[in-house]
Amino acid sequence: MHDDRSLVEGRLRRVLDERIRPAVHPERVPLEVAVWHAPGEPVPVAEGLAAGVRPIAAGERWGPPWGTSWFRVTGTVPERWAGRTVEALLDLGFDPHMPGFQCEGLVYRPDGTPVKGLHPQNQWVRIGAPVAGGEEVRLHIEAASNPVVLDFHPFLPTPLGDKETAGSEPQYTLGPMELAVFDETVWRLVLDLEVLGELMAELPVESARRWDVLQDVGGTAGRARACLTDVLAAPAAPSAHRISAVGHAHIDSAWLWPLRETVRKVARTAANMTALIDDEPEFVFAMSQAQQWAWVKEHRPEVWVRVKKAVAEGRFVPAGGMWVESDTNMPGSEAMARQFVHGKRFFLDEFGIENDEAWLPDTFGFAAGLPQILKAAGTKYLLTQKISWSRTNAFPHHTFRWEGIDGTRIFTHFPPVDTYNCSMRGGELAHAARNFREKGRARHSLAPTGWGDGGGGTTREMVARAARLRDLEGSPAVTWETPAAFFARAEAEYPDPPVWVGELYLELHRATLTSQAGTKQGNRRSEHLLREAELWAATAAVRTGFPYPYDELDRLWKTVLLHQFHDILPGSSIAWVHREARRTYARVARELEDLIGAAQRALAGEGERELVFNSAPHTRNGVPAGGAGTPRRPRPTRLSPRAGGGYVLENELLRVGIDARGLVVSAYDIEAGREAVAPGRAANLLQLHPDFPNMWDAWDVDEFYRNTVTDLTDADEVAVAEDGVSVRVVRSFGASRVTQVLSLAPGERRLVLDTEVDWHETEKFLKLAFPLDVHAERYASETQFGHFFRPTHGNTSWDAARFEACNHRFVHLAEPGWGVALVNDSTYGHDVTRTVRTGPDAGTTTTVRASLLRAPRFPDPETDQGVHRFRHVLVPGADIGDAVREGWWLNLPERVLGGAHEVAPLVSADHDAVVVTAVKLADDGSGDVVVRCHEAHGGRARATLTAGFPFTEVTVTDLLERPLPDTPAPTADGARIAVRLRPFELMTLRLRRD
């Protein structure tokens, strides 16, 4: 039986490949082809259409890396083809196995009207159905010679990832350009046989249905189709799994191509999908990422017209409601909120459509703070597929409610088809049905269907397969639906699904928390500069009439949000992307510094008085949060020699011992009488590991990296720094050099470590270790609008798999009554381990290590080479509130300005746990003040917010600054507003000004 089955399957494949598929286009004639190679970056359409061309023939090489060539194809439809369907077959030199990762094209008519995109799986352009014969054909192709960076081995270093290093060698060999007759009957037979052959392969060996589906396939196309009619008409069982097919083309906003090429990938795909919508009445296509829609509107208005028409028909659907499909681990609280603000607002403004779902199929795990952000944005559902990539533990659900740190629950679906590029193949659908973990309780799942990343989206073949699978015995039943329709159906079917509490951790791609340190630093700095710019501009606008920079802030926010895309911020894009990102972040910083400076000067007035502006949400050195004043001056730190070599830094709260190696061997909390550094261990220890993961260089770090470690204890120099109260440490290793300055903040329990690394290693991982004398079974990591606890042990496979994790500004470890915080200004990756000491110093050592730098070679062979600067703060004796404050203080340094008078805060809170994350003017230009705050300690809080300006009304709003129905306004008494917050609760208030 098995041999017979294999023989039939093999014969079917051969007959399809050698006999039937070639007959889909049985007659062909060549087209004439000419080309113009644009000399630099892509040119406007009109310029490409008008350019002079030269003849080019099939077999000729074309296209330097990242170049653009304009092909003109011309010909005449033979008179003998009258009454038949004719297509142009246009092969740019495609590799059929790599849609989206090679050359692409967009076809235009001579008047500049876009027709459709060209891709390996979609090389045809319809000329007529039927033709009259004798028609003149003239088409133009804007062809991008994007190099194959990934190739068949995804880990080889290549210079092709940046146009500055890629060279000029032609990348492609032009294939045939032809007019051809399209035999629709044969084409439909191909689809019949493909669907039934794939169904046969998935049915059990003993199934009678398995043998019914392949009888009588040797006749002519018409006879063969007639023989298959009954088999294709047999209905699915009432209990069959139900699949909602959603047309899809997952397009990374940057990855193995630069941002500018994504603009064109989106246009090609949108042209393709609007054309398919015109041809296929049941087909529905969903596109996420408002940024990509905005690119089409701005750069391809002729495609935008078609998109708007399809949206109006309900066939081309905005999805996701985010500016981009961002990373969700590393973006800060406000940035994560603004992803939804800007994304949803774009779709509302352009189409009057609001998304209920977040659409993030490819994001590398999900932070535990995300559910309440989704809810606050008016989002009900989440879709992702990426968790199926986890390598250790299989996630136990496909449909469930996800609970975040504040208790918010979001209905979530992981498509069991396990791909966001489904092609409606029988094996994919059978896998979805078998794999679906909610069997017996639910039977609906979603399949994102189409080639992504510029591969052309959904094809007519996929639509045809879905039509045959709508109601077919032995197969899941397939229906085209919008994401909204699927989620409504799935939730109604399964109203009480299981609950998953905490982060959705991806057991893969952990190195994305560290790769491309410069990109991550640019993001962190930009987020905080945006906070400062909004805060001071709003304060100045209310107090002095300063013109609030609505347009500038909107543009800058969108720039930062774009760069949080899940292959930019995580560091997994080509060199070109990160080179541009560094320049962009520098420009963003300059613009925001100018805005901040102008607003602060307007507030300070003319004068010589030294004023300190405190942008942090907590009072600092006597200066109020969100205000400016004269700071208190604590007693300076003392520095003295240490017995045995090294130095001692000391103030009235903390005494730090630095040995002759430049390592911290003591951090003594004087007030508590407690040592932070574990006995016999040293902190500020740089550790170097080899780093050669099994797969995906920039993405992955595998646990075995820990098996080999070099402690960098040799010092070139340990000396008093230039300020006379800090210690300077210099180390050399390999081809790299580290310079550190260790200082003790006056009057504070804060050891500040400034680290400069001139990094020239390859395939290495650099960590900064702090072994602490703390017995803790769990530790806290800051996440959006709160913090999240992870175990310090590896009791279960789930615990052990979290060997590299994400934090924002701090991690905090504590025993009852005493703890330690490690605060950072730009790092995200870290690990925490624990060991047990025996003997006289028995106890537990819990080691926190900040991940500083990696050196992967793919996709950027020069990743992180050069100079990097990091700042970390060790805070012995810190409770969680101290960790929160220190995180804000480190990332929002004081600004000193000469002026005439102090500046009172525009809004202040009287409770340390209530953190004001944003103060701004309302986006609608009304002049209302918007205040966003949250409870940051993990407990309940009653607080009074005090407004430094008159207001007539206070309203609780969603993130889009719209009143929340059925939500009572807080009690206001004059300038005072009483608020009550649950643990980690997020609240947005809108204050209407007089």
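**Exercise 1. Helix α18**

Helix α18 is mostly covered, with 12 of its 12 residues buried (buried: under 20% relative accessible area, exposed over 50%, partly exposed in between, with a 1.4 Å probe and protein chains only). The model is a predicted one, in which local features need pLDDT of at least 70, side-chain atom pairs count only at pLDDT 80 or more, and totals for chains, interfaces and linings use all residues. Residues are numbered from 1 along each chain as its sequence is written, and side-chain values use heavy atoms, with hydrogens and water left out.

*Task.* State which residues of α18 are buried, and check the span of the helix.

*Solution.* 
Step 1. Helices (H or I, at least four residues) and strands (E, at least two) are DSSP runs, numbered from the N terminus.
Step 2. The buried residues of α18 include I880, D882, R885, W888, W889 and N891.
Step 3. The expected span of a helix is 1.5 Å times one less than its number of residues. The 12 residues of α18 should therefore span 16 Å, and the 17 Å between its end C-alpha atoms agrees with this.

**Exercise 2. Helices α9 and α16**

*Task.* Apply the span check to α9 and α16, and state which residue follows α9 and which follows α16.

*Solution.* 
Step 1. Because 15 of its 19 residues are buried, α9 is largely enclosed by the rest of the structure. After α9 comes G352, with a positive phi near 70 degrees.
Step 2. The 30 residues of α16 reach 43 Å from first C-alpha to last, close to the expected 44 Å. After α16 comes G605, with a positive phi near 75 degrees.

**Exercise 3. Residue E104**

*Task.* Is E104 buried or exposed, and which residues does E104 touch?

*Solution.* 
Step 1. E104 is placed in strand β7, residues 104-108.
Step 2. E104 counts as buried because its relative accessibility is 0%.
Step 3. Contact means heavy atoms within 4.5 Å. Not counting residues up to four places away in sequence, E104 touches, among others, L92, H119, E142, K265, R268 and D453.
Step 4. E142 lies 38 residues from E104 along the chain, and their C-alpha atoms are separated by 8.3 Å.

**Exercise 4. The nonpolar cores**

*Task.* Which residues have the most contacts inside the largest nonpolar core?

*Solution.* 
Step 1. A nonpolar core is a set of buried Ala, Val, Leu, Ile, Met, Phe, Trp, Tyr and Cys residues joined through side-chain atoms within 4.5 Å. In soluble globular proteins, nonpolar side chains tend to be buried together.
Step 2. The largest core has 166 residues, and W293, F316, L504 and L991 have the most contacts inside it. Helix α14 provides the largest share of this core, 10 residues.
Step 3. Leaving aside neighbours within four places in sequence, the contacts of L504 include F366, L382, I387, F395 and W402.
Step 4. A second, separate core has 45 residues, including L712, V757, L766 and L852.

**Exercise 5. Pockets and cavities**

*Task.* Describe the largest pocket, the second largest pocket and the largest cavity.

*Solution.* 
Step 1. On a 1 Å grid over the protein atoms alone, a cavity is a set of points where a 1.4 Å probe fits but cannot get out, and a pocket is an open set with protein on both sides within 12 Å along at least five of seven lines; lining residues have an atom within 4 Å of a point. Grid points are joined across faces, edges and corners, and a volume is the space filled by probe spheres set on the points.
Step 2. The largest pocket has a volume of about 1,000 Å³. Its lining has 29 residues, with R21, P120, Q121, Q123 and E461 nearest its centre.
Step 3. The second largest pocket holds about 870 Å³ of space. It is lined by 39 residues, and R871, W889, L890, P893 and E894 are the closest to its centre. Helix α14 gives the most to this lining, 8 residues.
Step 4. There are 9 cavities of 30 Å³ or more, and the largest cavity holds about 210 Å³. Among its 18 lining residues, S333, E334, E527, H528 and R809 lie nearest the centre. Helix α14 supplies the largest share of the lining of the largest cavity, 5 residues.
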